[in-house]
Amino acid sequence: GASFCGGHFVVPSPNLDPVLQPLTGFEEREANGRAPERHIFVYWFGSNDKIWRQTVIAQLQAYRQSPGARQVVVHEIGSDYEARDVWQTDANSPKLVLEEMYRSVFCPIVQGDVPHQKRLFDAVLTGCVPVVVAY
């Protein structure tokens, strides 16, 4: 099982996504005045395999149905490990995920299977405000 590192520093894995590298991709667009409007209010990309994640997704979906709600995008990840298919989602590619994070205001970061979540660092690097949800 996962071992959570309470009270310790967690060093993220290096991020090798080309659009997130310094002076390229998103950073280059912003420097050239071509940053898109952040029209997505809340962006969720993640698995739905834990009860606390299902709760967050349900709350986002409920908000999306309320009158006057701003845009919420939810991409759930499913997996079929027997078939070795771990990218079962309606998000077409990892690049699309980063593009949508780049256009979002808030990105919920929910506890997962490891003490750090790559999603947290992706949110920071895309300028999406990470909202850490801990249970």
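**Disulfide.** I looked for disulfides, taken as pairs of cysteine sulfur atoms within 2.5 Å, and the count came to one. The model is predicted, local features need pLDDT of at least 70, side-chain atom pairs count only at pLDDT 80 or more, and totals for chains, interfaces and linings use all residues. I number residues from 1 along each chain as its sequence is written, and side-chain values use heavy atoms, with hydrogens and water left out.

Cys107 pairs with Cys128, S to S 2.1 Å. I checked the torsion about the S-S bond of Cys107 and Cys128: about 105°, so the disulfide is right-handed. Next I placed the two ends, with helices (H or I, at least four residues) and strands (E, at least two) as DSSP runs numbered from the N terminus. Cys107 sits in strand β4 (residues 104-110). Cys128 lies in the loop between α4 (118-126) and β5 (129-133). The pair links distant parts of the chain, 21 residues apart.

I then looked up burial (buried is under 20% relative accessible area, exposed over 50%, partly exposed in between; 1.4 Å probe, protein chains only). Both Cys107 and Cys128 are buried.

**Cores.** I define a nonpolar core as buried Ala, Val, Leu, Ile, Met, Phe, Trp, Tyr and Cys residues joined through side-chain atoms within 4.5 Å. The largest has 16 residues, and Cys107 and Phe26 are among those with the most contacts inside it. β1 (40-47), β2 (72-80), α3 (94-102) and β4 each supply at least two residues of this core. α3 gives the most, four residues.

I listed contacts of Phe26 (heavy atoms within 4.5 Å). Leaving out residues up to four places away in sequence, Phe26 touches Val19, Leu20, Leu98, Glu99, Tyr102 and Thr126.

A second, separate core has nine residues, including Trp44 and Val110.
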